[in-house]
Amino acid sequence: QVQLVASGGGSVQAGGSLRLSCTASGYKPTRSCMAWFRQAPGKEREGVASIYSDGTTTYADSVKGRLTISMDSAANTLYLEMNRLQPEDTANYFCAASPPFSAPSTCNYRNYGDMRYWGQGTQVTVSS
């Protein structure tokens, strides 16, 4: 019943910007965690950023200061504002969400296990 649809990916030059969106249906971010993960060809999945329903965020060191996660509860939409993109940011980006009433302490960009709902990937390609 819960569906997450990611969009906004594309191809940009190094230093460019993109804004990813993840629209959720059948889901309300009530005391819950939403996050972005990514996977590049030949590499393992890695966490990018997370946001709890109270606005608390966490980021991977590699993206801190360049990528910003946010959530529009009215629109049931998760965002990832991506600035100063680098070739190493090239990956398929996935959005995910935890069940409602999850503990704030579990909301971390590295926490894959507590994510119950996953969207399809949206590709981001950064060329040098």
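Guide: Phe37 has 0% relative accessibility and therefore counts as buried, a word that here means under 20% relative accessible area, with exposed meaning over 50% and partly exposed in between (1.4 Å probe, protein chains only). The model is predicted, so that local features need pLDDT of at least 70 and side-chain atom pairs count only at pLDDT 80 or more, while totals for chains, interfaces and linings use all residues. Residues are numbered from 1 along each chain as its sequence is written, and side-chain values use heavy atoms, with hydrogens and water left out.

A search of the whole structure finds three aromatic pairs, where rings of Phe, Tyr and Trp (its six-membered ring) pair if their centres lie within 6.5 Å, and planes under 30 degrees apart count as stacked, over 60 as edge-to-face and the rest as tilted. The rings of Tyr27 and Tyr117 have centres 5.8 Å apart and planes at 70 degrees, so this pair is edge-to-face, and both Tyr27 and Tyr117 are buried. For Phe37 and Tyr112 the ring centres are 4.9 Å apart and the planes stand at 45 degrees, so the pair is tilted. Tyr112, with a relative accessible area of 25%, is partly exposed.

Together with Trp118, Phe37 and Tyr112 form one aromatic cluster. The charged end of Arg45 sits over the ring of Tyr112, 4.3 Å from its centre, a description used if NZ of Lys or CZ of Arg is within 6 Å of the ring centre and within 35 degrees of the ring normal. Elsewhere, Arg19 lies over the face of Tyr79, at 4.0 Å from the ring centre.
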